[in-house]
Amino acid sequence: MTTLGRRWRATLAIGTLGGALAFAAPAGAQQTGTIHGTISDSVSRAGITSAQVTIPGTTHGATTNPAGEFTLRGVAAGSVVLNVQRLGFAPEQRTVSVRAGDTTVVDILLRPVAATLSEVVSVGYGTSSRHDVTSAIASVDSTAIRNVPVAGIDNAIQGKIAGVQVMQNSGEPGSGISVRVRGPASLNAGNQPLYVVDGVPIISGSYDQISLSGQDMTAVTGLNPDEIASIDVLKDAAAAAIYGSRGSNGVVLITTKRGATGATKFSLNTYVGSQSVEKKIGLLNAKQYVEVMNESAKNDGYTPDEYDFTPGVDDANTYDWQSAVFRHAPVSDAQLSVSGGSDRLKYYVSGGNFSQTGIVIGSKYQRQSGRVNMDISATDKLLISTSIGLTREDDDRIPGDLSLDGVVTNAIGLQPMRPIYGDSYGFGGTDERLRYSNPVAIAAFNFDNFKTLRSLGNVEARYGFTPRLWLNARAGGDVYGVDELAWSSPKVDKTYAASADGVGRSGHTTATKYVLESFLNFDALRNDKSQLNLVGGASVEWNHSGLNYIRGEGFPSGFTTYVQNAANITTWDGSATDNNLVSFFTRANYSLFDRYLIGASLRADGSSRFGADNRYGIFPAISLGWNVTDESFARGLSRFATLKLRGSYGMTGNQGIGDFASLTLASGAPYAGAPGVAGTQLGNPDLKWETTKEVDLGADVSTLAGRIGVIVDWYDRKTSDLLVQLPVPSTSGYTTTWSNIGALQNSGVDLALHTVNLKSSTGRGFGWTSDLNVTWNRNKVTELYGGQPITFTVSSRITSVAAVGKPLGEFYMYKFLRVDPDDGNAVFATADGGETESPTSSDLMFAGSPQPQYFGGFTNTFTLGNFDLRGFLQFSEGNKVFDMMRIFTDDGGCSYDNKSTLSLTRWQKPGDITNEPRMSYDCASGADLMSSRMVEDGSFVRLGELTLGYRLPNRLASSLHASDARIFVSGRNLKTWTNYSGYNPDVNSNGVLANVVMGVDYYAYPLARTFSVGISAGW
């Protein structure tokens, strides 16, 4: 780190120490009084339960009881400001006078508004009411992700947030999820958002060494959705700029549950369910397979005695390989928590167990988690909060996505007349004429186990010098350990492990992140006309990762798995790396007459990943808001609607590249048994930040007494100085080097609509609310080095491209025109506008984009008495999917793989009109060529959830010693309406780390349809 960087660290440490000393200073004795009051609905005049009443700058706070009552004791005498907040109501602020020894009574009415406009949201280093927010922030509360039978929070929020695209990638339990906030903004530096838990950025990447491509694990999966109170997504640059160098892909702020003042409360949430595959791929039976394969030989001039298959013999039996590897599988979750507290101590303690057996044999995911959150009012001015979470994951994975020798892969590829069971250790193999290894044997004898152990926590101290000035100091840590153990058994016929007498692999990875932050929060102005809040602070972050890996083969009979039993150690590795970040940040929010809002922020980040001359990046942002209906000229409108207009501009950065990317590196390279050194990376001292600049224009609208709420934003995001691995001449001794080349643009509109369609005046009648979110995003590459496109491959085959003027990841292959009705051969377009049956590499063309024209989700909730019903539809329109499986299943008989039922519509005689070329044993019809014929429409509408719940009557709940209890039955991924022929149109076999190659389905693990029943209770 540079001298300047060391000085910054020293300054921060001194400031934090000074804050700690201030905390230790005893508070002088002072006279106090009590505030008691009632919070009520301004329309119905009924008391509002669970409203939060706080005094800014102090540790005083309370939650209203079911009657809407609250009490604050020990409040310093004098003028006091009360903040009152509750979801579904506009926040209210009231100034009251407290006299020593007396009780001040205050009654406050809250005005109901649409929930989307009333939320208290996290904004980074603080919170704000939606009324005062001037940037684009979307929110999800805990009810939307509770009791969802998926492993991670990223999967649970799929389709729930406008502007946020969540892609499943693979259905394998626990596998990583791709999240894009307002589109992809980088080629090589990563497109995943920054995750911040209780104020601390966390480890969120993939750390598996034994990669299974689309089934890669990410650290985000380990976060337990049951522990989360709310999720806020900072979507535009003005909101995310406070996180500077890591905000260009959006920021996901996660707040975990905490205790509240009151009696101890126990909560139980649990469910059990059953899963099954939603659909199977249409494949041929034995008779159909023999027919088309013999036809392929006949079409190429072979005689019947040269055919590979004999009708009536080879097609006598059909074996359903897909049914052999799919199964009905259980899923369960149990979460028990206890919370409560007094004026001095509030606590939340929880423990949970999630278990999901995969619908494909051999796969299973389990997670155990525990959390302890505490808030301690040490004095009237000092609040200490701790958040500690422990997680253990155990994931049994199977080879699949991108693998040509996996469980799902071989279940699709194996010929339908070959038996599943036989003489190879009980399974079909060479003697049964299997072309590929038996997938059932792979699941039975092989395994790939992935275990994690994680500790994520922080301690935060908040000291109020005055009710308007307070200091926050926070120390956080994330320690993440991964252990991998994989075994490839020699019992699996037709594999390398069979010839090598077994292959064992073992890997261990550790990753740590430590964060130290200190910041001041100052209400510089607070009167009837103006409010000015200032935040300023500094942060230091240290990151470290290390790994060890070993592989061995040649295991004696009876010995398996562990490399110590291997005769030969074939591969080994060990390394460690570090990167550090030092930051200063400040923010100002100004409100005039509660109508004119201005926000500005500035962050300076210094990263060890860049060269000395470009190490520091400056990321400013400004935003404006206008509460139009608070104006005198709009008073007529304000009687039935509220309107706020917003506008913002900001800059964020991206440093998502390898450590020491700016440096030329070398490593040990022994030669002929002698020590040696070889270059491994060509450095670039001019390497600098990738920068995203964004303009956002938005409006928040509420009408009909809060029954309709709309949040809409138009945005334009431009990313420049893309961090790209540029090819260099191999004569240099290297193949690539990091450089800043190119630009991208994302522009679009995201819309969130909340409506109260029917509302019961008594709360017992029929009620109906709807939530719709839709995002329209247009992505395109605007600049590349020399204007030349960059191609990307899957299994050494070009599939995708980054090209100027095109969306990122546009498919790039031959353009299929038609099947010639005379000869049955495929006809393709040529680069010069002609036609050919024999295209060359110069004829590769753009073939559609994996990015949708629009996507979103639609949730409807119905209530009647004690019953509630929730339905959720997820949708995507206009995205293309490259079904790469079809290069084998739809190749016209060019391989021995089983064929798709698409081949039943093949060309068979002159005059046939079809898009399926003739069968050709010698690969002469063009059916096997990767072309736009295999690029399918990936649009879909999915019934993602249907849940029916019943809240037990109080008398019945009391007989069970519960204060509240609800039982429910639920279905997830019930039905997908799509024209896509594969398992799942929401697919990405390249996995969570893919930036450009998206929408490729190469033997992806299918999604599960789940039915579950559960109970939520409190006592």
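Predicted model: local features only at pLDDT ≥ 70, side-chain atom pairs only at ≥ 80, totals over all residues.

Q: Why is cysteine 894 called partly exposed?
A: Cysteine 894 has a relative accessible area of 23%. Buried needs under 20% and exposed needs over 50%, so cysteine 894 falls in between and counts as partly exposed.

Q: And what makes cysteine 923 partly exposed?
A: The relative accessibility of cysteine 923 is 32%. That value also sits between the cut-offs of 20% and 50%, so partly exposed is the label for cysteine 923.

Q: How do you know that a disulfide joins cysteine 894 to cysteine 923?
A: The S to S distance is 1.7 Å. A pair of cysteine sulfur atoms counts as a disulfide within 2.5 Å, so the pair of cysteine 894 and cysteine 923 qualifies. A search of the whole structure finds one disulfide.

Q: What does the link of cysteine 894 and cysteine 923 tie together?
A: Both cysteine 894 and cysteine 923 lie in the loop between helix 11 (886–889) and strand 48 (935–937), so the pair ties together parts that are 29 residues apart in sequence. As for handedness, the link is right-handed, with 85° about the S-S bond.

Q: Why is serine 591 called buried?
A: Because its relative accessible area is 10%, and buried means under 20%. Serine 591 sits in strand 26 (residues 568–592). Leaving aside residues up to four places away in sequence, serine 591 touches Lys529, Ser530, Gln531, Tyr596 and Leu597.

Q: Zooming out, how do you know that the radius of gyration of the protein chain agrees with a compact globule?
A: For 1019 residues, a compact globule would have a radius of gyration near 31 Å, and the protein chain has 31 Å, so the two agree. The C-alpha trace spans about 105 × 70 × 65 Å along its principal axes.

Q: What else describes the protein chain as a whole?
A: It has twelve helices and 52 strands. Of its 1019 residues, 57% count as buried. Among contacts with a separation of 6 or more, 71% come from residues 24 or more positions apart. The accessible surface of the protein chain comes to about 40,100 Å², and carbon and sulfur atoms account for 56% of that.

Q: How many positive and negative side chains does the protein chain have?
A: There are 84 positive and 95 negative side chains, and the centres of the two sets lie 9 Å apart.

Definitions and conventions
Residues numbered from 1 in each chain as written. Heavy atoms only, no water. Helix = DSSP H or I, 4+ residues; strand = E, 2+ residues; numbered from the N terminus. Rg over C-alpha atoms; globule rule 2.2 N^0.38 Å. Buried < 20%, exposed > 50% of the residue type's maximum accessible area, 1.4 Å probe, protein only. Contact = heavy atoms within 4.5 Å. Areas by Shrake-Rupley, 256 points an atom, 1.4 Å probe, with all protein chains shown as cover. Lys, Arg positive; Asp, Glu negative; His and termini not counted. Charge placed at Lys NZ, Arg CZ, Asp CG, Glu CD.
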